[in-house]
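Dear colleague,

Please find below the sequence and structure that I am handing over to you. My notes on the findings follow directly after them.

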Amino acid sequence: MALEIVFTPMALEPGTFNVGDKVRVTVSFKYVIGVNTTVKLLAGPYYTNLFGKHMVSACVGQADVQLPASSTPADGTATVDFILIAKSLGGIENGTYGLRVWIEDTSAIAEQDNVIIVSGNTSGGDMFSSMMPMVMMLMMMGMIMPMTQQMGEGVEE
């Protein structure tokens, strides 16, 4: 069973999404396969840094796609959903991401940079780190106040 599959190039406009949103991706492709088969279509956001492209694995969605046998190039379309999991749950940060769509165990892949704009993550993590500046200020006042009171007592004499 030799599956030949080629995605139609993506030409997406950037879209803005909030964490928790479901993103639906529909792709078109041409394929040739000798027998009826089911393939796994995956899609998700990726980011690029100095070390290359990296998937946000917590946000990757997958769908099974039925492909009827075809000895000549046949047109196919498929849809896959993925959810933008919040950073606090091990998911995606606010920012701009690319979209990658691929079929498992094949060389079929389609990517487009800078099409998913994510917002909605809260900046406050745990309560301790958000209260730390206030606690530091109180500690500094606690150290400075005794020094100023001693200096003021010396002048009164």
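In this predicted model, three strands make up an open sheet with antiparallel pairing, in the order S1-S3-S7. Strands here are DSSP runs (E, at least two residues), numbered from the N terminus, and two of them pair if DSSP finds at least two bridges between them. S1 and S7 are the edge strands, each pairing on one side only. On average, and with direction ignored, neighbouring strands of the sheet are turned by 30° against each other; the axes behind this angle are lines fitted to C-alpha atoms, and angles run from 0 to 180 degrees between N-to-C directions. S3 and S7 run antiparallel and are joined by eleven bridges. Val27, for example, has Ala78 in S7 as its bridge partner.

As to conventions, residues are numbered from 1 along each chain as its sequence is written, and side-chain values use heavy atoms, with hydrogens and water left out. Because the model is predicted, local features need pLDDT of at least 70 and side-chain atom pairs count only at pLDDT 80 or more, while totals for chains, interfaces and linings use all residues.

Beyond four places in sequence, the contacts of Phe82 (heavy atoms within 4.5 Å) include Val25, Ala43, Cys59, Leu99 and Ile116.

Two further residues deserve mention. Val56 lies in the loop between strand S5 (52-55) and S6. Val56 counts as buried because its relative accessibility is 7%, where buried means under 20% relative accessible area, exposed over 50% and partly exposed in between (1.4 Å probe, protein chains only). Neighbours within four places aside, Val56 is in contact with Pro45, Tyr46, Tyr47, Gly91, Ile92 and Tyr97. The C-alpha atoms of Val56 and Gly91 are 6.9 Å apart, although 35 residues separate the two in sequence.

Gln112, in strand S9, is also buried, at 16% relative accessible area. Its side chain reaches the backbone oxygen of Leu12 at 2.8 Å. Among the residues in contact with Gln112, neighbours within four places again aside, are Met10, Tyr46 and Leu99.

Yours sincerely

Notes
Helix = DSSP H or I, 4+ residues; strand = E, 2+ residues; numbered from the N terminus. Polar contact = N/O pair within 3.5 Å; in protein donor to acceptor, adjacent residues only side chain to side chain.
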